[in-house]
Structure formats: structure tokens, C-alpha cells
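Here are my notes on this one, as promised. Have a look at the model first, then read on.

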Amino acid sequence: MFGAKVRHFVRKTNLQGNCSWCRWSSGSKAPEAAVKPDINAAKRQQLINELAEPLESNSRPAIDPKETSVVLFPGQGTQYVGMAKDLLRFPGARRIFELANDVLKYDLLKICLEGPREKLNRTEYAQLAVMVSSLAALEQLREERPKAIENCVAAAGFSLGEITALVYAGALPFDKALQLVQVRANAMQAACDQAPGAMAMALYGPDTNLGEACAKALQWCVDSGVESPYCGIANYMYPHCKVVAGNVEALEFLEKHAKALKIRRMKRLAVSGAFHTPLMASAVEPFSKALKAIRLQDPIIRVYSNVDGKPYKHVSHILRQLPKQIVKPVKWEQTLHELYERRPGVDFPRTFECGPGKGLLQVLEKVNAKAAQTSFNVTA
């Protein structure tokens with residue numbers, strides 16, 4: 001049933017209007033007029049080619065970088081009861097939730113709006129809520145600042161947000177992405193049940209050896225009889241700030257000995273497991289199997305991988321790399337350096353964070369303050 005309806009939500013790059021930004025559209029009807037060439041497609045490709053050239057090239061076309069844009073998508077943990085409420089004034093945003101409800105067979109919007117918080121925070125709902133709300137926020141951006149969509153040359157997402165970015169870039173169909181995230185969330189929750197873990201943000205100084213601190217926590221777990229323990233860096237955020245993850249006992253060791261280990265502050269994250277660590281290994285196979293069952297397409301804009309901070313090259317690259325993200329650290333700081341690298345004196349693109357929260361722009365300010373000066377939040 002849904003397969004027939006979703007055909008009108010598949011990106012057609014030669015269409016204007018509400019099909020212009022991804023492989024699926026918020027419109028419910030296909031355009032009746034004859035198909036016309038998308039005047040923005042050639043311009044977008046020119047922008048992509050210009051930014052993709054080596055920095056030492058002297059043959060770049062004269063394009064004002066300030067005309068370009070980058071879109072960032074948040075991950076799990078940013079959800080809150082009442083999210084997406086202000087987006088419902090946009091018909092496209094409402095239609096996105098209708099499609100999500102159709103695929104998921106339950107009312108995701110109601111959970112976003114009404115909770116309860118304990119239910120929304122469960123991984124199986126939180127990941128879907130954040131992804132769909134982030135895509136709904138794009139509808140506000142498209143309505144209010146269409147040039148940001150037309151001139152977008154790159155996207156990146158934090159953890160779950162990377163899948164959102166791939167949907168936005170047309171690599172993943174919307175309905176299949178929903179099902180993929182369902183598999184991801186359920187598999188990660190099952191991994192959490194098998195090996196209870198925790199995550200904490202660690203702030204430290206230049207004299208701190210965080211890797212050594214994690215090694216000491218790991219050894220303490222081994223000596224204490226914890227089965228197959230792990231403790232390590234899960235997220236690279238910004239200078240002197242990382243997220244560490246592992247067994248609960250390991251995090252408790254770091255918290256107890258923070259002063260001796262020269263860790264200035266530790267703050268637990270509201271998650272149920274040690275995401276982006278080997279403790280999630282059992283989630284990789286079901287996710288990879290579900291991903292391989294989807295007919296992917298090459299992204300029409302650059303999408304950066306959390307695993308190494310580099311842009312995906314093609315479909316087979318996505319198939320190889322995306323499953324690794326579940327057990328590998330999110331190299332967000334490295335991604336931002338790669339994303340905003342340019343020659344001295346060249347202006348930065350406008351950056352839009354689409355989704356719940358404002359955390360990614362706050363991180364951007366700490367990694368690249370100049371790029372953050374032209375950043376904007378489209379809150380879900």
C-alpha cells in the first residue's frame with residue numbers, strides 16, 4: 001500500500017518546487033505540468049565541483065562561497081516532549097509525520113508532542129522521533145529560505161543524524177530509512193540489554209591523558225572480574241572535550257578518580273548503553289543486513305561519515321562504512337575540520353542545524369568560530 005504512495009515522494013532532480021531538495025517530497029501529488037529542467041541542479045553541481053577541487057587549484061570558477069550552505073542534523077539525546085509542535089504550521093512537515101505514521105503503524109507525532117518522556121527517551125522511539133523531526137524542520141527551511149536548499153553543497157549528521165543526512169542527500173528513501181532506523185534502534189537496545197553500559201562527557205585540560213585514564217578504568221574492571229569490559233572514547237566533540245563510554249563500572253571508576261586523572265568534569269549522558277563502542281557489536285549484523293536490502297543511490301551532495309570524517313564516495317562506500325559507525329567513535333571534531341577546510345580569505349558557507357536542540361552549532365563555535373558566525377538553527 002505504502003509503496004504505491006511513496007513514489008511521489010522520490011526525488012526527481014529534474015523537478016522544481018517541493019521535489020527540489022531530496023529523493024522524496026512533502027507534496028502529495030505529482031506535478032501536472034510538463035517536466036522542466038531544474039535550473040538549480042546545474043548551479044548546485046557547479047558549487048559542489050568548486051568546493052571539491054584541491055585547495056591549490058587556481059582554476060576555480062568565480063562562485064561566492066557565501067551563497068552555499070551546509071546542513072547539520074543532530075542525533076539521539078536531543079529529543080524532548082513537545083518537539084515538532086511549532087513545525088506543524090508547515091503542510092510539508094505535517095505530511096512527513098503522516099508518512100512516518102503510515103510506515104511505522106503507530107502515531108510517532110503524538111509521542112513527540114505528548115510523550116510521556118520515559119517513552120520518548122526509549123531508543124526505539126527516540127531515534128525515529130529525532131530523524132523525522134529533523135526532516136520536518138527542513139520543510140521550514142525550504143519555506144523560509146529556499147536558497148539554503150537550492151545551494152546546499154554538503155550535509156553531516158551526528159550518529160543517528162548521519163542517516164538523516166543520507167535521506168536528505170537522496171541516498172536513502174524515506175520509508176526505507178524509517179525501517180532501517182527501527183532495526184538500528186532495536187538492535188542497539190538489545191546490545192544494551194546484553195552488556196549494560198554508560199556514556200559521559202569529559203572536559204579536561206592539556207595536561208590530561210584521557211586515553212591513559214580509560215586504560216586504567218579498563219584494567220580496574222578486569223581486576224574486578226567484569227566480563228569482557230571496555231572503556232574508551234566514543235565521541236570526539238571539540239578541543240579538550242570528548243565523550244567516553246564503556247561498562248558502567250568503568251565510568252564509575254573515572255568519576256570517582258576524576259581529580260587524580262586530571263579530568264575537570266564528567267557529565268553522564270541520558271542514554272541506556274555505550275554507543276559507538278565494541279559493546280554494540282551485536283547490533284552491526286542486523287543493521288548491515290537491513291541496509292543491504294535497500295536500494296541506495298549515490299548522494300547528490302557530499303555527506304560526511306562519522307567513522308573517518310570524510311565524505312561518502314558512492315553506494316558501495318555507504319554499505320561498507322555506515323555499519324561501522326555503530327561500534328566506532330563519532331569523529332565529529334574531525335568532520336567539522338574537513339567540512340570547513342578552505343584557503344585563507346575564502347568565506348564560509350551558511351550552516352543550518354535542522355532538528356531538536358542547538359548543540360551542534362555550539363560545538364561548531366568551539367571548533368571553528370568563524371564558520372559559526374554564519375550559522376543558524378531551525379529547531380524542531
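1. Overall burial first: 55% of the 380 residues in this predicted model count as buried (under 20% relative accessible area, with exposed over 50% and partly exposed in between; 1.4 Å probe, protein chains only). The accessible surface is about 16800 Å², and carbon and sulfur atoms own 51% of that (Shrake-Rupley, 1.4 Å probe).

2. Some bookkeeping. Residues are numbered from 1 along each chain as its sequence is written, and side-chain values use heavy atoms, leaving out hydrogens and water. As the model is predicted, local features need pLDDT of at least 70 and side-chain atom pairs count only at pLDDT 80 or more, while totals for chains, interfaces and linings use all residues.

3. The protein has 16 helices and 10 strands (DSSP runs: H or I of at least four residues, E of at least two, numbered from the N terminus).

4. Now the helix pair. The axes of H6 (residues 123-144) and H8 (residues 160-168) come within 10 Å and cross at roughly 40° (lines fitted to C-alpha atoms over the stretch in contact, angles from 0 to 180 degrees between N-to-C directions).

5. Who touches whom? On the H6 side, the contact uses Gln127, Val130, Met131, Ser134, Leu135 and Leu138; H8 brings Leu160, Ile163, Thr164, Val167 and Tyr168 (contact: heavy atoms within 4.5 Å).

6. H8 is mostly covered, with 9 of its 9 residues buried, Glu162 among them. After H8 comes Gly170, with a positive phi near 85°.
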